[in-house]
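Dear colleague,

Please find below the structure that I am handing over to you. My notes on what was found in it follow directly after it.

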Amino acid sequence: MNEDNRDFFLDEARDLVNSLETSLLKLEKTPDATFVIHDIFRVLHTIKGSGAMFGFDAVSKFAHQLENLFDDIRKGLLPVSQETITIGLRSVDCFTKLIEGNESLPESDLIIGEIARIRRKHNPAVPEDTVAEKVADKKNEYAHHYDIAIRPNPLALFRGIKFEVLFAKLDECGSFRNIAETARIPDVFSIHPEEVYLSWDIALDTQKTRSEIEENFVFIRECAECEIISDSGKKPPEIPEQEKTTSTAESPHAPAPPKEHRVDPGYIRVKREKLDFLVDTVGELVILQAQLMRESNASGTQSFKNIAEQLERLSVTIRDATMYMRMVPIEEAFAGLQRVVHDTAKRLGKDVRLDVIGANTEIDKNIAEALKDPLIHLIRNSLDHGIELPKIRAQRNKPETGTITISACQIGTSVQIVVADDGNGLNIEKIRARAIDKKLISPEEADTGKIIQVIFEPGFSTSEKATSISGRGVGMDIVRTNIDKLQGDIAITTESGRGTAFTLTVPLTLMITDGILVSIGGVTYVLTLNLVQECLLFDNCIRDGFVQHDAINYHGRTFPIVDLNQYICGTHVPVSGDTRAILTSIEGNEIAIVAERIAGKQQVVIKPFSTNLEQIPVVSGATILADGSVALILNMSELVKRRIPAFCDF
Amino acid sequence: MNIEVTPSDTELLVVMKGEAHVEHAATIAKAFQDLANTENRLLTFDLSGLTEIDITFIQLLYSLSNTLTKNGKHLMVFSLPRAHPVIRRSWLSGIRFDHHFTIAEKTG
């Protein structure tokens, strides 16, 4: 099997296992929902088929056993119970390991044994050897007859396709008769041994529906035309025993049957590296386009300017279309959270519901993935420290079932995700005491916002002892570190006895962003625009008395001044009529970044650094400006965190 | 995969063992071309030692059989039980051995 096929299967299988988990959790809440049972059965059937097709025999075998269990359930032989849900969820975990390792595990054998035991409990007819199929007895009960034509691409085998496995799957569906067309097989001196010369006509009598049969074709469709060319509820006359001959009268070159039954999935899978390469190339195009515009404006030639403008419109369209390709629903980042809530709540003896709002909000695929860990930590924290035990909630006149809500929405060029619970709320006094104890804040600190921020400090926890769920002071540190890497922001609101909400704000994409070009010591740097609140003339701030010592007091808010010249060049910013104060708020800290002058605003293509340069935390990447020069992109979160000394002599 | 060829006066006995699938298809094709070029008029195949086959093997065997027939030669296959992987796989793949090849009963 080549790597492409393996990756294709692995991608598909991971999605299917995620979907299996979601359906099992749904079924736990609504055991009578037959459509969910059918969904689960279909997913298992697909995993089984594709596993076998791509040589993942351990996965296929395991899926087969679980499929049997859900076949019993859908036939009404077995009820949906906590036992079946639990074994289903354990199987999800086992699938994950099997898919990555592709080897039988003691755990999978154990689960297979338990599945057999559960099935036998309700249906003594189930044999001890559950691997045995029982299709033979069904021969005369078939409701459907299908004539299926399979016309392979001659190079199908190079893609790792195993037609024999497909035939074996169809054979399992009922009464299967296959006739190979052999006319195209050349003599032994002309044959290309790895090409496919055969094509097949199959007659199948089965209980399976058309869509169930078509599921078997999913993994060979790109290498073969597979069509159900007739579909009748009645069994057709028996096909004569004598096989179709290899005569040219039934040439394989005859026109193929109409394709009206073929299902177009409406999408194609593309490897991420290919998409990254496209995005990178489009980035180069955008940079070149900016340079071209600059040259055309300088030339003063109208026809040159017209062409440059048309090209700009076209490149903007291509850029937007390419960016859009990377966008995925944010629910990808939410995958697995229902399970985290289910399992953790159970272990803690709590009853918790997870509500998801805005799961279709779109975000860059890489950001969606980077959000997974922070979200898991926030949820676990809410479960452990936020939501109370049912008994306590009842005493507080709250519903015994706690609720965690994750909501997502797009705001401008950012996505905002709020993780809120209706639990205890943060214990500010306890946090304050521990923070003073750890010398993270001074005993005089009274700003609640600043006190709360210490929960993101590495090793900070108010728990007396660490559990397997939280309390080591690691989780919230991971949350902040990951959000900082995304050039994002976290804000916390909390109310004692009512709950806590964490608001994460992250950019839509990390590939292209709007930036402010600032001049520091004569060199141009980029600040990302999504975190900028306002830009003021520093002279005016001084004139109007906003600048007081080392901060700007503006509309009742205090923005401590961060002097970038001091940090980068070692000298204070020279104040002139061009000097600007850029007001920003990051993780609850409001600051005013003072820069010599603003050199412009530009959409910049972010080029990440190589591993070595990643060690410079205040710089998050680089970009090429319209004049062809390279500019560093400053990481504003890091600037705030490092508490760069402010200029105090205004 | 292993192919052993034992010549006698008029025929060749070809014994195949192991897995005969796409990974070995080129090797098998070369061996079959050599067999098609021999002077022997009858080739008898013992496939009982094959543990796995795929459609590439079925195509090659079919191709060899046709090529031999065109040149006035003949291919036979020793009978195998229905449950044998060669028979089972061929049947699933739409090729019935007893329809496409001359089946010989193994004696002695």
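Of the 650 residues in chain A, 46% are buried, where buried means under 20% relative accessible area, exposed over 50%, and partly exposed in between (1.4 Å probe, protein chains only). This is a predicted model, in which local features need pLDDT of at least 70 and side-chain atom pairs count only at pLDDT 80 or more, while totals for chains, interfaces and linings use all residues. Residues are numbered from 1 along each chain as its sequence is written, chains are lettered from A and ligands numbered from 1 in the order in which they are written, and side-chain values use heavy atoms, with hydrogens and water left out.

Chain A as a whole

Chain A contains 19 helices and 22 strands; these are DSSP runs numbered from the N terminus (helices: H or I, at least four residues; strands: E, at least two). A contact means heavy atoms within 4.5 Å. Among the contacts in chain A with a separation of 6 or more, 71% are between residues 24 or more positions apart.

The interface with chain B

The size of an interface is often given as the accessible area lost when the parts come together. Here chain A and chain B bury about 2,400 Å² between them, with 62% of it on carbon and sulfur atoms; buried area is the accessible area (1.4 Å probe) that two parts lose on being put together, summed over both. Chain A brings 27 residues to the contact and chain B brings 28 residues.

The rule finds one salt bridge across this interface, a salt bridge being a side-chain nitrogen of Lys or Arg within 4 Å of a carboxyl oxygen of Asp or Glu. It pairs B:Arg88 with A:Asp171, whose closest N and O atoms are 2.7 Å apart. On the side of chain A that touches chain B, α6 (163-173) and β2 (174-181) each supply at least two residues. The largest share, five residues, comes from α6(A). Nine of the 11 residues of α6(A) are buried, including A:Phe167, A:Leu170 and A:Asp171.

A:Thr182 lies in the loop between β2 and β3 (199-206) of chain A. Its side chain makes a polar contact with the side chain of B:Tyr62 (3.1 Å). A polar contact is a pair of N or O atoms within 3.5 Å; within protein, one must be able to donate a hydrogen and the other to accept it, and residues adjacent in sequence count only if both atoms are side-chain atoms. A:Thr182 counts as buried because its relative accessible area is 1%.

Salt bridges within chain A

Over all chains, the count comes to 34 salt bridges. Which residue forms a salt bridge with A:Arg151? The partner is A:Asp201, with the closest N and O atoms 3.1 Å apart. This pair links distant parts of the chain, as A:Arg151 is in strand β1 (residues 144-152) and A:Asp201 is in strand β3, 50 residues apart.

A:Arg396 forms a salt bridge with A:Glu388, the closest N and O atoms being 3.0 Å apart. A:Arg396 is partly exposed, at 42% relative accessibility, whereas A:Glu388 is buried, at 4%. Salt bridges that share partners join A:Glu388, A:Arg393, A:Arg396, A:Lys398 and A:Asp422 into one network.

A buried serine

A:Ser382 is found in helix α12 (residues 365-386) of chain A. A:Ser382 counts as buried because its relative accessibility is 3%. Beyond its neighbours within four places in sequence, A:Ser382 is in contact with A:Ile387, A:Ile404 and A:Asp421.

With kind regards
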